[in-house]
Amino acid sequence: MAAVAAVAAGLALAACTTDETGTPNTDAANPFNQDVWSTGGPIDYSTFDMSGQEVIWADFGGSVHEDFKKAYLDDFEGLTKATVVDGSPFDYAQVKAQVESKNIQYDIITGAPTSIDQGCGTLYEEVPDSKFYWGGIDDKFKSSKCAVPHGTTALVLQYNTNKYKDNPPKSCADFFDLTKYPGTRGMWTSVLGYPLEIALLADGVAPADVYPIDYDRAFAKLDTIRDDLRLFPDLTRGQQGQANQEYDMIIQTSVRGYRGAKDNLPYAPVWNCSVGQVTSLGILKGTPRLDAALALVGYASSPDGQRKGATVRASSPVSKDTDLPDIDAQMKDYIGAFHEAEMPIPVVDAQWWSSNFDDAEQRFQQWQVG
Amino acid sequence: MPWTGRLGWKLLVLPAVAWIAVFFLFPVGSIMLRSVTEFSPPETGGLDNYRWFFDTPANVTVLSRTLWVSGYVTLLCLLLGYPYAYFMTLTRGWVRLLLLSAVIIPLTTSPLVRTYAWLGLLSDNGPVVGVLDRIGLGRPELLGNSVGVTVGMMHIAFPMMVLPLYAALLRVDRRLLRAAESLGAPPRTAFFRVYLPLSAPGILAGAVLVSVLSLGFYLTPALLGSPQQTLMAPLIVTQVRQVLAWGHGGAMAFVLFVLTLALLGIGALGSRGILRRGSAARVEDE
């Protein structure tokens, strides 16, 4: 018990020197329950008393943030008495600038694991086993010691149900079949909209053989729909395009597809043409609020976080042990966990992506402007 | 009172110089520095980032497109803006106020909001296509191509053309037109030989503002166009924000910066020429 008290005192001291708000945490209670942390098992965050502790969270902002707030942040604040400050929206250039200048303005970011994997150890903190329970996440979703998976989404072919009433597309090949399915096609300008995977699947490549990506074959396939392809610069713009019914078919995230469905937009998903991806959390290297950040990252990726994420955002859990009660049929349409058997690529090859992202992104951009 | 002396007045410029040094020279300098010190493989040193820039066909395509778009947006703004500014000088009172407000009020709204407004207006099911359809012009695609981009860019650039033009045209002594006509010049000759040259400083100011502004467009072509309309700025953003290759981004930004300086230089030379011709004309008058 004395040891625990000493650790607590040490932590409180550390808080005194690092807390930027100028209100040192003098609470005698242990802000981070070391006993719970060190067991190596699932962590009960309700044993933490983080009053006076701040942690800054950043996502892409807007409705995305509203969802994360409802899914994790509000509950985390209620559970631990910590204060979560919204730093959204973030971008990866700011992460680099903040870490390089040692002026950390957000502690946690969430996005695709690629960038976090690439910057693991330099831009992002490695998550220590002593303060995080990795056992709650299935191995197939893990990509590096820095990227903590908290849900998966997918890029899914979605088609306008008014346009293709009785004869809906059923596969990636149909996305590229302009004779059988004339109409406009929507895709994201980023290579992380997985146009290369979709093109290869459409061209008959077996899902297991998609990686390493055959660029020539992928771009040759994309060339066949170039004239009917409308590329959108960000996912919000793609969603806006769905609202205007600009795209007869679109490769869009399942999460945004669900939002559209809630707004009664006439689109339906084709899980036979989908590419799953992990949504990860990363902690900025050198943050003075590391322990607080670890607690929030741990909570968001806990079974409770995964479950709430699914019910609020329509993301899919990253542990097969996470049960999903009370999910309505409309939401089930857009949650990958209910369609895993149909998905050609349930999760992208994170290793391939972290070593090839820069090259792939530049090649795709050149294809676009060419 | 020494502070009213020549030196004292010069000291007044210090805050501005400090401002420019901190918020302009320093960032531009550090961008330049990164373009020659930060490399992503396979580039290793020296001017590799610039070599990469000019060896990548997409970069060169987009650079020339950026110049071309900046040129024709400027021309279109001038063709629309000149009659508008001229008409403003003819009006008085509330009509002039109305014309002026129509140009200025959009400036108070964020370009992002205005661009999203165009997204709704120009969409396939939007009102513009609806009107075109009703008057028998069919249902043309206005988004995802250069039509949408041109409309969106002109909307944002238009005030930058009209305001300097209006200021210049207001100063033109319209009695000179009557004098020209009394000396036998038909209206067209009077316009081209008297009015137009006298309005040249306004044209030049507007053209420089609009063309420089157009070089940096980012959101408008991205949202209203397609990658086939991509300009330099989005390409830089990819390097800086997605790939985190700040050396590449620095080199691209610096190339664009040099082009902007060149445009400003041409503007400055042009204005000197105009002023010289203007004073020559005055000498002839005497």
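Reader: How far apart are the sulfur atoms of A:Cys120 and A:Cys146 in their disulfide?

Author: In general, a disulfide is a covalent bond between the sulfur atoms of two cysteines. Here the term is applied to a pair of cysteine sulfur atoms within 2.5 Å. In this predicted model, the sulfur atoms of A:Cys120 and A:Cys146 are 2.0 Å apart and form such a bond. The torsion about the S-S bond of this pair is about 75°, so the disulfide is right-handed.

Reader: Which parts of chain A does the pair A:Cys120 and A:Cys146 tie together?

Author: Both cysteines lie in the loop between helix H5 (113-118) and strand S4 (148-160) of chain A, so the bond joins parts 26 residues apart in sequence. Helices (H or I, at least four residues) and strands (E, at least two) are DSSP runs, numbered from the N terminus.

Reader: Is A:Cys146 buried or exposed?

Author: Buried means under 20% relative accessible area, exposed over 50%, and partly exposed in between, with a 1.4 Å probe and protein chains only. A:Cys146, at 0%, is buried, whereas A:Cys120, at 24%, is partly exposed.

Reader: How many disulfides does the structure hold over all chains?

Author: The total is two. A:Cys172 and A:Cys273 also form a disulfide, with sulfur atoms 2.0 Å apart. A:Cys172 belongs to helix H6 (residues 172-175) and A:Cys273 to strand S8 (residues 267-283) of chain A, 101 residues apart. Both of these cysteines are buried.

Reader: What is the area buried between chain B and chain A?

Author: The size of an interface is often given as the accessible area lost when the parts come together. Here that loss is taken with a 1.4 Å probe and summed over both parts. Between chain B and chain A it is about 2,400 Å², with 55% given by carbon and sulfur atoms. Counting contacts (heavy atoms within 4.5 Å), 32 residues of chain B touch 28 residues of chain A.

Reader: How many salt bridges are there between chain B and chain A?

Author: A salt bridge requires a side-chain nitrogen of Lys or Arg within 4 Å of a carboxyl oxygen of Asp or Glu. The count between the two chains is five, including the one joining B:Arg34 and A:Glu100 (3.2 Å, N to O).

Reader: Which conventions apply to the numbering and the values?

Author: Residues are numbered from 1 along each chain as its sequence is written, and chains are lettered from A and ligands numbered from 1 in the order in which they are written. Local features need pLDDT of at least 70, side-chain atom pairs count only at pLDDT 80 or more, and totals for chains, interfaces and linings use all residues, while side-chain values use heavy atoms, leaving out hydrogens and water.

Note on methods:
Buried area is the accessible area (1.4 Å probe) that two parts lose on being put together, summed over both.
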